[in-house]
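Good morning, everyone, and thank you for making the time.

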Amino acid sequence: MEVCAMYPITPATSASHYLSEAFHKVGGVVHQAEDEIAAAAFAVGSSYAGKCALTITSGPGFSLKQEVLGLAVMAEIPLVVIDVQRGGPSTGQPTKPEQGDLLTACFGSHGDAPKVVMAVSDIEDCFYSVITARKIAETFNTVVVLLSDASLATAQQPFPRPEFCEEWLAAPIDQSPVEEGYLPYDWDPRSGQRQRVIPGQPNGMHTLTGLAHDRRSCVAYNLKVNKEGVRHRSLKLAALQKTIRTPPVFGDDEGELLVVGWGSTRGAIEEAVRHVRADGHRVSSLHLKILQPMASGIKEILHRFEKVLVVENNWADSLDDELIDEENRRYSNLGWLLRARCLVDVDCWGEVGEQPIKPGTVERVIRERLS
Amino acid sequence: MSTRTTEFLRRSGEHDHPLEDYVGRIPRWCTGCGDNAVLAAVQKVCREEQLPPEKLVFVSGIGCSSRFPHYMGSYGFHGLHGRALPIAEGIKMRRPDLHVFVNTGDGDCCSIGAAHWVHATRYNMNMTVMMHDNNIYGLTKNQASPTSPIGTRSNTTPRGSVLPPFDPLQATLGMSNLSFVAQAADWIPELLFQIIHEAFKHRGFSFIRILQRCPEFQANRWEPCIHDPGKLLILTHENGVQLSPALAKVYKNCEQHDPADLVDARRIVGTSEQIPVGIIYRNSDVPCYEDLTAPDRLFTPELVKQGLEAELDKFTIRPRD
């Protein structure tokens with residue numbers, strides 16, 4: 001990364017504080033913008049100009065950036081956005097962890113703005129995931145949202161020292177002439193991919209726009225032309241999805257209960273599963289790293305268990321409440337996604353009153369569901 | 001005259017880039033729209049400076065004026081309403097080789113993007129910013145803008161706007177780290193060209209407010225000034241713009257104003273009954289943000305590796321023998 005544009009917000013500042021000094025040592029720069037929108041727009045500008053750029057924020061800032069994210073999706077500019085989630089909504093509980101932004105990350109911007117959404121599960125994962133996120137953003141010319149949360153932002157954890165790998169580094173900016181007849185949005189009919197050209201390249205001159213556009217990047221007034229763009233941008237997520245491995249099941253491949261989680265709750269869920277398995281219960285867990293697009297094979301895994309329970313650190317209505325029933329229950333974030341994606345009657349347990357979710361709590365919830 | 005010894009040299013007046021190299025798509029602006037004049041002036045500046053089209057990036061927001069990049073034969077970024085400046089800053093930050101221009105309007109700059117404008121002035125990054133001020137929202141079809149004169153009848157102010165107009169020049173002259181402010185009028189192409197040219201040559205954040213005609217929704221706004229050139233105060237100086245003899249016959253209301261004089265600039269903008277046209281303020285000594293934050297050496301992959309290894313070493317605990 002060369003450019004990190006940010007605006008101070010808790011708990012994302014722990015990362016930008018560290019980067020402000022660390023970036024200096026590798027020739028990068030942290031730009032403290034005048035506001036969250038400007039930070040996102042600055043990162044989009046840098047990335048458009050060929051630099052490896054990201055913006056880092058937390059919930060309220062993530063909401064403010066949504067219009068810019070839509071622009072990056074529409075104009076197909078690679079961008080990594082890190083959202084260090086905190087208690088919401090509104091100003092909420094800035095210092096408390098929550099996993100409440102998953103659906104905003106997936107569907108936040110207006111219109112159809114397909115983005116890649118990933119989540120980190122521990123400190124070591126934070127290190128490598130940023131590199132993966134940028135590579136995906138550059139390969140597919142799109143926005144990658146990387147979700148962390150307040151518990152990871154303030155945690156410490158030892159992990160094996162990373163061995164330097166040249167592939168981590170950003171490629172030099174291509175300034176070679178573009179071949180005649182170049183079309184800025186020459187969408188591949190199968191994968192939706194396009195060739196990105198960077199300012200400075202002779203013969204590649206064109207104007208990017210957040211308006212609907214055709215293959216020449218001309219403003220499209222025709223509805224069919226817009227449909228073509230929408231379809232190709234959506235196809236890119238499918239193309240990425242074909243490259244994602246099915247996540248491994250923790251425990252046996254089939255059984256009575258499957259606990260599904262994402263992000264920082266991984267350790268707590270797996271420890272709880274280990275405990276109940278030691279008592280002979282047929283319980284397994286599944287951890288999702290890439291949440292949009294979702295890997296193939298997940299539906300099949302869910303079907304191999306009698307019950308599926310999502311455990312996450314955000315709100316889910318409890319059926320114990322008098323007015324709540326199957327028809328009005330609001331599910332947890334991943335609960336909604338899995339039900340829609342897999343057509344499985346996924347149960348969920350969401351908690352916003354504990355920080356972070358402890359293995360003992362997950363174990364209690366599992367035992368309740370088993371009984 | 002060329003000889004065997006000099007034939008490989010370019011002759012003076014020989015242009016590698018004719019005007020056509022800076023021409024993009026056909027403008028869709030209304031007939032008589034002042035944006036057309038700005039486009040022509042900018043294309044002439046590019047030819048004058050022989051700027052490689054691939055090294056030009058025109059960034060804009062949303063509005064009539066923000067269609068500008070599409071009509072240039074260069075790179076362009078037609079972004080979001082109000083956000084042209086932060087996008088332009090991001091482009092310029094680590095690409096000093098690119099010439100960055102911004103086209104924004106009175107709604108884009110003075111209303112939805114006003115916060116970015118204040119801070120863009122403070123950052124003082126090397127770019128040329130043209131604020132096309134037609135005193136009205138045109139693309140959204142006739143709503144009063146912050147710079148609309150009091151009493152402007154529009155679709156949102158059918159009984160006339162009630163607030164006095166916002167003055168972009170007074171605002172900029174109050175901003176910190178200011179380095180270049182000018183005012184131009186679209187109907188005086190010679191001065192428009194000179195002012196944009198001077199703004200381009202200035203190293204820093206060059207802000208030009210361009211008084212612009214909107215024949216559709218503000219048809220008579222500038223008519224008094226066009227018919228009575230004396231209503232304009234032309235600021236001339238050896239370090240500013242100069243009137244050609246032909247133009248001097250028309251614009252007789254001139255004042256010598258040294259662009260280095262901030263106090264006089266504030267007096268002209270704050271008290272003058274007339275509308276100033278020319279370079280109002282220039283300070284070439286204000287450092288640019290991209291220079292202040294530039295890496296102190298060229299970071300080769302080897303240097304990046306060293307930096308990263310040193311950073312990882314800070315946290316590494318190695319087992320004892």
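**Where the chains meet**

Let me begin with one pair of residues: A:Thr209 stands opposite B:His78, which belongs to strand S2 of chain B. Please keep in mind that this is a predicted model. Strand S7 of chain A, residues 207–209, is joined to S2(B) by three bridges, and these strands run parallel.

Looking at the contact as a whole, 43 residues of chain B are in contact with 43 residues of chain A. On the chain B side, the elements that give two or more residues are strand S2 (75–78), helix H2 (84–93), helix H4 (114–123) and helix H11 (301–313). H11(B) gives the most to that side, with nine residues. By class, the side of chain B that touches chain A has 20 nonpolar, twelve polar and eleven charged residues.

**Details of the backbone**

In chain A, a cis peptide bond joins A:Thr10 and A:Pro11, with omega about 0°, and A:Pro11 lies in the loop between strand S1 and helix H1. Another cis peptide bond joins A:Gln292 and A:Pro293, with omega about -5°, and here the proline, A:Pro293, is in the loop between strand S11 and helix H10.

In chain B, B:Lys141 has a positive phi of about 75° although it is not a glycine, and its place is in the loop between strands S5 and S6. Is B:Lys141 buried or exposed? It counts as exposed, because 11 other C-beta atoms lie within 10 Å.

Terms used
Residues are numbered from 1 along each chain as its sequence is written. Chains are lettered from A and ligands numbered from 1 in the order in which they are written. This is a predicted model: local features need pLDDT of at least 70, side-chain atom pairs count only at pLDDT 80 or more; totals for chains, interfaces and linings use all residues. Two residues are in contact if their C-beta atoms, placed from the backbone, lie within 7 Å. Helices (H or I, at least four residues) and strands (E, at least two) are DSSP runs, numbered from the N terminus. Ala, Val, Leu, Ile, Met, Phe, Trp, Tyr, Cys and Pro count as nonpolar, Asp, Glu, Lys and Arg as charged, and the others, Gly among them, as polar. Two strands pair if DSSP finds at least two bridges between them. A residue is buried if 20 or more other C-beta atoms lie within 10 Å of its own, exposed if 12 or fewer, and partly exposed in between; C-beta atoms are placed from the backbone.
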